[in-house]
Amino acid sequence: MGQNVTTNVHIRLPIYHSRHLECPPMGLETMKIDDFQLHASTTKRYGLGAHRGRLNIQAGLYEDDLYDGAWCAGRDDPLQWFEVDARRLTKFTGVITQGRSSLWSSDWVTSYKVMVSNDSHTWVTIRNGSEDVIFRGNQEKEIPVRNILPTPMVARYIRVSPQSWFSSGNICMRVEILGCPLPGEGSAGTNSLDFKHHSYKDMRQLMKVVNEMCPNITRIYNIGKSYNGLKLYAIEISDNPGEHEAGEPEFRYTAGSHGNEVLGRELLLLLMQFMCMEYLSGNPRIRHLVEETRIHLLPSVNPDGYEKAFEAGSELSGWSLGRWSSNGIDIHHNFPDLNTILWEAEAKKWTPRKTSNHHIPIPEWYLSNNASVAVETRALITWMEKIPFVLGGNLQGGELVVTFPYDKTRTQGVTRESTPTPDDHVFRWLAFSYSSTHRRMTDASQRVCHTENFAKEDGTINGASWHTAAGSMNDFSYLHTNCFELSMYVGCDKFPHESELPEEWENNRESLLVFMEQVHRGIKGVVRDAQGRGIPNATISVEGINHDIRTAADGDYWRLLNPGEYRVTARAQGYGLTSKKCEVGYEMGTSTCDFTIGRTNLSRIKEIMERFNKQPIRLPHREKALIVRVLLELSHITDFL
């Protein structure tokens with residue numbers, strides 16, 4: 001239904017000065033801005049997609065699906081938007097709009113708002129004083145109308161949000177943005193980054209350089225050794241490195257479990273450089289991440305395999321050289337198969353009494369010395385058990401897609417089958433947060449890497465829907481620890497040429513940051529006893545989600561959840577349980593949901609008896625009688641409960 005509310009909207013004409021006119025058109029019309037930099041809330045059909053929302057673009061004679069003359073929204077309401085990703089911080093100064101080029105239709109926008117963002121999630125609407133600016137749009141479809149912003153705005157993303165449109169038409173626009181890319185900020189560290197392939201020795205040296213540049217926020221450590229004795233180095237980035245801070249979530253990126261998939265390794269080396277430089281330059285986004293998150297980057301899980309591929313070189317290493325560990329094990333799929341244990345228990349109705357739905361123990365056979373388990377896998381498991389990770393991503397190569405658990409199909413013998421976890425909605429959002437901010441994963445015009453077009457599914461897929469894989473790191477992480485783990489396949493070429501690294505860094509830089517920020521989505525809190533002491537290993541359950549988590553050593557916890565209201569219960573052995581409603585908002589930032597739980601009467605009785613070593617209590621008659629009476633009363637209460 002068309003809408004024309006121009007007469008009802010208080011249109012504020014922005015006041016501008018000639019100095020704002022310095023910035024030229026960014027290049028939507030000239031195609032300098034690529035299709036993948038243009039996005040929209042909805043689209044009427046492909047031929048009216050965001051890629052057609054370019055100033056002066058002309059429709060084909062028959063206006064078919066490929067050659068229509070504007071971006072047109074799929075719905076006509078004030079919630080629609082057209083977005084341009086400048087790919088770097090830009091000083092935006094103005095917007096030019098047209099209506100739809102068409103022989104048959106009359107569609108144009110008569111007023112709109114403008115919003116800017118640095119991360120594509122948090123948006124600021126252009127204001128004039130205390131009110132949002134409503135810019136005057138078009139009165140017909142061909143004559144361009146230019147509006148200058150009251151004040152230039154520095155950001156990476158800009159959105160035009162139609163507020164009213166021609167009463168007999170629909171929301172359709174052609175757009176040009178006026179803007180000046182800033183020299184430095186936004187890709188501030190990029191010009192100084194070390195774009196090359198790093199041998200093991202070079203990698204170790206680079207991590208040392210980063211540590212020396214930012215000694216107050218970094219720490220280098222190793223989680224173990226490879227089959228050939230190379231240390232598995234990680235770097236921690238935090239405002240208090242070396243310590244778990246109660247209430248601060250732990251995040252990890254790993255790369256190179258397949259040694260020949262080297263792009264992820266280089267991306268993590270670039271990321272640690274970038275975060276150090278940006279922190280020193282005062283970038284508020286990076287400072288907030290560092291101060292509110294304990295970040296761990298492990299760039300080379302399989303250094304032995306990498307050295308093989310590196311020796312051959314990017315063009316000659318082939319598709320598989322260096323993929324496996326030195327003793328021939330695929331590390332990423334070398335974890336114990338806990339899926340089968342859980343699913344068999346569910347089939348026998350053993351959950352949750354006999355078998356928990358979380359923190360499933362590792363089977364004894366896997367822990368034996370004769371098991372075919374890589375030393376690198378054992379090191380990873382020890383690391384994962386030691387640190388209370390909340391969210392993790394492992395960078396892979398050879399495709400452009402983000403996969404999420406489960407990776408193993410539930411139906412035995414089926415190689416491809418959608419197998420969602422109880423947290424499927426959360427995993428889908430986490431995957432989309434990476435793919436949607438990647439410069440190529442969701443690009444409809446992106447060439448298919450091999451045989452599948454993942455862009456059709458927003459650049460994400462359930463792992464088991466792609467191909468089944470037992471014992472994956474993702475499934476193990478979810479079923480044995482609190483950590484939600486996903487795989488990011490960051491490029492078609494597993495081992496890109498060194499000259500491709502700057503472009504690949506730009507493709508993934510924003511995604512790497514946005515995904516890290518998702519660790520602050522959901523609820524967090526502390527479970528305490530009546531004396532205010534944190535209770536470790538308390539269970540946190542969310543009603544309607546058949547997957548629990550546990551508190552860390554200080555009693556603190558983090559539970560990733562999408563926006564909504566949840567009934568959450570905290571319980572611990574020897575304690576009672578308590579429930580409350582916890583609300584997760586749409587804005588970024590974790591909601592606090594603390595719990596206090598008391599000891600059960602039975603546990604108190606046991607504690608008193610243990611204190612006297614289960615012997616007769618030798619006290620004066622009056623005191624002894626009082627204790628016996630209290631014990632009897634507690635016993636009656638316990639029986640009643």
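This is a guided tour of one structure, stop by stop, for use with a viewer.

The model is predicted: local features need pLDDT of at least 70, side-chain atom pairs count only at pLDDT 80 or more, and totals for chains, interfaces and linings use all residues. Residues are numbered from 1 along each chain as its sequence is written, and side-chain values use heavy atoms, with hydrogens and water left out.

**Stop 1: the disulfides**

Begin by selecting the cysteines. A search of the whole structure finds 4 disulfides, a disulfide being a pair of cysteine sulfur atoms within 2.5 Å.

Select C23 and C180, which are joined by a disulfide with an S to S distance of 1.9 Å. C23 lies in the segment before strand 1 (38-40) and C180 in strand 10 (residues 172-181), so this pair ties together parts that are 157 residues apart in sequence. Strands (E, at least two residues) and helices (H or I, at least four) are DSSP runs, numbered from the N terminus. The torsion about the S-S bond of C23 and C180 is about -125 degrees, so this disulfide is left-handed.

Next select C72 and C172, whose sulfur atoms are 1.9 Å apart in a disulfide. C72 is in strand 2 (residues 71-72) and C172 in strand 10, 100 residues apart. Both C72 and C172 are buried; buried means under 20% relative accessible area, exposed over 50%, and partly exposed in between (1.4 Å probe, protein chains only).

Then select C214 and C276, which form a disulfide. C214 lies in the loop between helix 1 (200-213) and strand 11 (218-225), and C276 in helix 2 (residues 263-280), so the pair ties together parts that are 62 residues apart in sequence. The torsion about the S-S bond of C214 and C276 is about 90 degrees, so the disulfide is right-handed.

**Stop 2**

**Stop 3: the salt bridges**

The structure holds 30 salt bridges, each a side-chain nitrogen of Lys or Arg within 4 Å of a carboxyl oxygen of Asp or Glu.

Select R156 and E510, whose closest N and O atoms are 3.3 Å apart. R156 lies in strand 9 (residues 145-165) and E510 in helix 11 (residues 501-517), so the pair ties together parts that are 354 residues apart in sequence. R156 counts as buried at 4% relative accessibility, and E510 counts as buried at 2%.

Now select D423 and R559, which meet in a salt bridge (2.9 Å, N to O). D423 is in the loop between strand 16 (399-404) and helix 8 (424-435), and R559 is in strand 22 (residues 556-560), 136 residues apart. To finish this stop, select D85, R156, R285, E510 and E517, which salt bridges with shared partners join into one network.

**Stop 4: the surface**

Finally, select L103, in the loop between strand 3 (82-98) and strand 4 (109-117). Is L103 buried or exposed? At 61% relative accessibility, L103 counts as exposed.
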